[in-house]
Amino acid sequence: MQGIRTINRALSSALTLVGLVGAFVLLSVAPARAGENTFVEVTPNSVPAGSRVKIRASCDNNNDRQANVRSDAFGQVVLRPDNGFLKGEVTVPGSKEPGDYPVDLRCQNGQTASTMLTVLNMASPSKGPATGGGGTAGGRGTGSILVVGGVALVAAAVALGMAGGRRRAGAGS
């Protein structure tokens with residue numbers, strides 16, 4: 001009985017801790033906000049240079065007029081009203097250096113908000129390592145040899161099966 005109480009207390013403590021951690025995560029992932037309903041979001045917020053990003057914002061319930069977003073990552077963009085939000089898209093230039101760049105929203109009603117855009121260093125490798133096993137690594141024709149070997153093995157099994165079936169039929173006659 002004592003063991004069950006100990007387990008119940010441990011489970012209760014663990015569930016309480018999971019709930020607190022979950023609440024912290026949910027509260028800390030909100031978009032960058034300046035006023036009650038003023039925010040700017042960049043999706044995705046981490047991209048390699050040359051990628052396109054979407055920007056969504058709100059100007060404190062004044063989303064029927066356009067607003068400006070500015071960043072050293074891509075310059076200035078005009079956001080236009082779209083389904084209750086201000087939206088736009090922009091391409092980060094392919095020559096942009098990796099780093100964190102502030103993205104600043106300026107609304108016509110004077111409200112401002114900002115968030116961060118991270119430009120990643122995503123240099124493409126010229127050739128990947130030959131780390132596979134069996135037919136995926138090694139020299140030319142390794143995959144072909146494996147296929148031919150597999151076909152030969154299946155053919156041998158079928159031939160042995162047929163030969164074994166004939167002997168049994170012949171032995172009983």
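A contact here means heavy atoms within 4.5 Å.

**Figure 1. The whole chain, a predicted model, in overview.** Counting contacts with a separation of 6 or more, 52% come from residues 24 or more positions apart. The protein chain has two helices and nine strands; these are DSSP runs, with helices being H or I of at least four residues and strands E of at least two, numbered from the N terminus. Reading from the N terminus, the order is α-β-β-β-β-β-β-β-β-β-α. Of the 173 residues, 20% count as buried, where buried means under 20% relative accessible area, exposed means over 50%, and partly exposed is in between (1.4 Å probe, protein chains only).

A note on the model and numbering: residues are numbered from 1 along each chain as its sequence is written, and side-chain values use heavy atoms, leaving out hydrogens and water. As this is a predicted model, local features need pLDDT of at least 70 and side-chain atom pairs count only at pLDDT 80 or more, while totals for chains, interfaces and linings use all residues.

**Figure 2. Strand β5 and its two partners, β6 and β8.** Strand β5 spans residues 67-71 and has two faces: Ala67, Val69 and Ser71 are on the covered one, Asn68 and Arg70 on the uncovered one. Five bridges join β5 to β6 (residues 75-82), and the two run antiparallel. Together they make a hairpin with three residues between the strands. Four bridges link β5 to β8 (residues 99-106), again in an antiparallel arrangement. For strands to pair, DSSP has to find at least two bridges between them. Follow Ser71 to see both partners: Gly75 stands opposite in β6, and Val103 stands opposite in β8.

**Figure 3. Arg70 and Asp72 in a salt bridge.** The term covers a side-chain nitrogen of Lys or Arg within 4 Å of a carboxyl oxygen of Asp or Glu. This pair comes in at 3.7 Å, N to O. Arg70 sits on the uncovered face of β5 and is partly exposed at 41% relative accessibility. Asp72 counts as exposed, at 53%.

**Figure 4. Glu89 and Arg52, a salt bridge between two strands.** Searching the whole structure turns up four salt bridges. In this one, the closest N and O atoms are 2.9 Å apart. Glu89 belongs to β7 (residues 85-91) and Arg52 to β4 (residues 52-59), so the pair ties together parts 37 residues apart in sequence. Glu89 is partly exposed at 40% relative accessibility, and Arg52 is partly exposed at 48%.

**Figure 5. Asp82 and Lys87 meet through their side chains.** Their salt bridge has an N to O distance of 3.9 Å. Asp82 has 34% relative accessibility and counts as partly exposed. Lys87 is partly exposed too, with a relative accessible area of 31%.

Figure 6. Thr38 is part of strand β2 (residues 38-43). At 0% relative accessibility, Thr38 is buried.
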